[in-house]
Structure formats: C-alpha cells, structure tokens
Amino acid sequence: VIGSAIDSSIDKPVESARQVPPKKVGLARLWAATLYSADGLRACFRSEEAFRIESILALVLAPVAFLLGESPLEIAVLLFALVLVLLVELLNSAIEAVVDRVGLEYHALSKVAKDIGSAAVLISLLFFVVVWALLLL
C-alpha cells in the first residue's frame with residue numbers, strides 16, 4: 001500500500017504556492033533569458049565584493065588591451081583572460097549561493113564545494129596574470 005502511494009505520486013506534478021508561468025518561445029524566450037542574465041549579473045555585483053573588484057578591473061583593462069595589444073590576436077587573448085576571470089567568479093558565486101541555500105551550518109562537503117570554486121577563481125586569476133605578463137612585458 002505504501003509503495004503504491006509513492007509510485008502514484010511520481011506521475012503527479014508538484015503543487016506549489018505559486019503557479020509557474022508558461023515557457024516562452026522564440027524571441028520572447030531570448031529576451032527573457034537576457035533579462036534573467038542581467039538579474040544574475042546585478043545580484044552577483046551587489047553581493048560579491050570580489051566580482052565588483054574584478055568587474056572594475058575589467059572595465060579599466062579592456063581599453064588597455066586595445067591600446068597595448070599589437071595584433072588582433074593579442075587583443076583577443078588579453079580580453080579572453082579578463083572575461084575568463086569574470087566567468088569563473090560568476091560560477092563560483094553560483095556554487096556558493098546553492099551551498100548556502102542548502103544550509104548555513106558547517107558541513108565538510110559544503111567546504112569542499114566552496115574551496116573548489118575558490119580554487120577555480122585562483123587559477124583564472126593566475127592565468128590572467130601570466131597572459132598579461134607574457135604579452136606585455
């Protein structure tokens with residue numbers, strides 16, 4: 001009896017306090033995705049000091065890449081190193097938000113997840129430094 005009750009509940013959608021709006025299609029979906037992405041950038045900028053610092057650094061150094069890069073390829077590599085840091089920081093912040101959503105109490109696996117995300121940011125920053133040093137020094 002218990003097994004049949006569990007099995008029958010699998011086919012039924014989970015009811016929530018709020019109805020999920022229907023999925024958008026075509027250009028409406030693309031526009032909605034763009035707005036969600038902008039929300040994510042704003043949320044990360046507001047809540048993560050590291051992302052704010054790296055964003056400001058990117059805004060300052062992007063024009064420098066165009067001035068100091070000697071070829072289109074060099075400019076692209078310099079910009080890629082900048083963007084990579086921002087991308088990895090966004091992913092690290094997402095990992096941290098999910099871990100914190102699961103629970104704020106200490107757990108060894110939560111620490112591991114956050115440490116791995118932090119290590120990814122460190123590697124992207126080291127890559128940035130090496131690329132800029134190699135191309136500009």
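Helices here are DSSP runs of H or I with at least four residues, strands are DSSP runs of E with at least two, and both are numbered from the N terminus. With that settled, I95 sits in helix α4.

Before going on, a word on the model. It is a predicted one, in which local features need a pLDDT of at least 70 and side-chain atom pairs count only at pLDDT 80 or more, while totals for chains, interfaces and linings use all residues. Residues are numbered from 1 along each chain as its sequence is written, and side-chain values use heavy atoms, with hydrogens and water left out.

As for confidence, pLDDT is the predictor's confidence in each residue, from 0 to 100. The chain average is 89, and 88% of the residues score at least 70. Residues 1-11 have a pLDDT below 50, and beyond near neighbours in sequence this stretch has zero contacts in the model. A contact, for this talk, means heavy atoms within 4.5 Å.

Now the overall layout. The chain has five helices and zero strands, so defined by the DSSP runs I gave at the start. Read from the N terminus, the order is α-α-α-α-α. Of the contacts in the chain with a separation of 6 or more, 67% are between residues 24 or more positions apart. The chain has 137 residues, of which 21% count as buried. Buried means under 20% relative accessible area, exposed means over 50%, and partly exposed is in between, with a 1.4 Å probe and protein chains only.

At 2% relative accessibility, S124 is buried.

Next, the aromatic rings. A pair of aromatic rings is described by the distance of the centres and the angle of the planes. Rings of Phe, Tyr and Trp (for Trp, the six-membered ring) pair if their centres lie within 6.5 Å; planes under 30 degrees apart are stacked, over 60 edge-to-face, and the rest tilted. By this rule there are two aromatic pairs.

One is F80 with F127, edge-to-face, at 6.1 Å centre to centre and 85 degrees between the planes. This pair links distant parts of the chain: F80 belongs to helix α4 (residues 72-102) and F127 to helix α5 (residues 108-136), 47 residues apart. F80 is partly exposed at 47% relative accessible area, and F127 is partly exposed at 33%.

The other is F128 with W132, a tilted pair at 5.5 Å centre to centre and 45 degrees between the planes. Why are F128 and W132 separated by about one helical turn? Because they are four residues apart in helix α5. F128 is buried at 11% relative accessibility, and W132 is buried at 9%.

On a 1 Å grid over the protein atoms alone, a cavity is a set of points where a 1.4 Å probe fits but cannot get out; a pocket is an open set with protein on both sides within 12 Å along at least five of seven lines; lining residues have an atom within 4 Å of a point. Grid points are joined across faces, edges and corners, and a volume is the space filled by probe spheres set on the points.

How many cavities of 30 Å³ or more does the whole structure hold? The search finds one. The largest cavity has a volume of about 40 Å³, and its lining is E54, L57, A58, L82, V85, L86, L125 and F128. By class, the lining has seven nonpolar residues, no polar and one charged. Ala, Val, Leu, Ile, Met, Phe, Trp, Tyr, Cys and Pro count as nonpolar, Asp, Glu, Lys and Arg as charged, and the others, Gly among them, as polar.

Last, the largest pocket, with about 200 Å³ of space. Its lining consists of P21, P22, K23, K24, R29, A32, A33 and Y36, which divide into five nonpolar, no polar and three charged residues.
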